[in-house]
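I opened this notebook to keep track of what I looked up, entry by entry. I begin with the core and then turn to the strands.

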Amino acid sequence: MLFRSFSIYPNPASDKVSLMNNLGNYLNAKYEITDLNGRIVTEGKISDTGIETDIDVSGLPESFYFIRVVNCDGGTAQFRFVKITN
């Protein structure tokens, strides 16, 4: 299951969120961060090194956000995180 393959930290986050690929077998995956209204605020590719992808969230306002991971087969996983300011 894709959702067991990934985890995020820290949560809450102020500057960056790290997306951890726990199994290392989803190298062609991408991510999207959406706000509470479902608008994509940033997106990118999962790191080709396979273990960890750092995502800069410093420019986002304080709020709840969702990270959706999509692999090349169309499998998805979604996580929620809180953006705070220091």
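I first settled what a nonpolar core is: a set of buried Ala, Val, Leu, Ile, Met, Phe, Trp, Tyr and Cys residues joined through side-chain atoms within 4.5 Å, where buried means under 20% relative accessible area with a 1.4 Å probe, counting protein chains only. I noted that this is a predicted model, in which local features need pLDDT of at least 70 and side-chain atom pairs count only at pLDDT 80 or more, while totals for chains, interfaces and linings use all residues. Residues are numbered from 1 along each chain as its sequence is written, and side-chain values use heavy atoms, without hydrogens and water.

Core entry: I found 18 residues in the largest nonpolar core, of which Leu 19, Ile 33, Val 57, Ile 67 and Phe 81 touch the most other members. Strands S1 (6-9), S2 (16-21), S3 (30-34), S6 (63-70) and S7 (76-83) each supply at least two residues of this core; strands are DSSP runs of E, at least two residues long, numbered from the N terminus.

S2 and S5 pair over five bridges, and Met 20 stands opposite Glu 52 in S5.

Whole-protein entry: I noted that buried residues make up 40% of the 86 residues.

Methods: Buried < 20%, exposed > 50% of the residue type's maximum accessible area, 1.4 Å probe, protein only. Helix = DSSP H or I, 4+ residues; strand = E, 2+ residues; numbered from the N terminus. Pairing = 2+ DSSP bridges.
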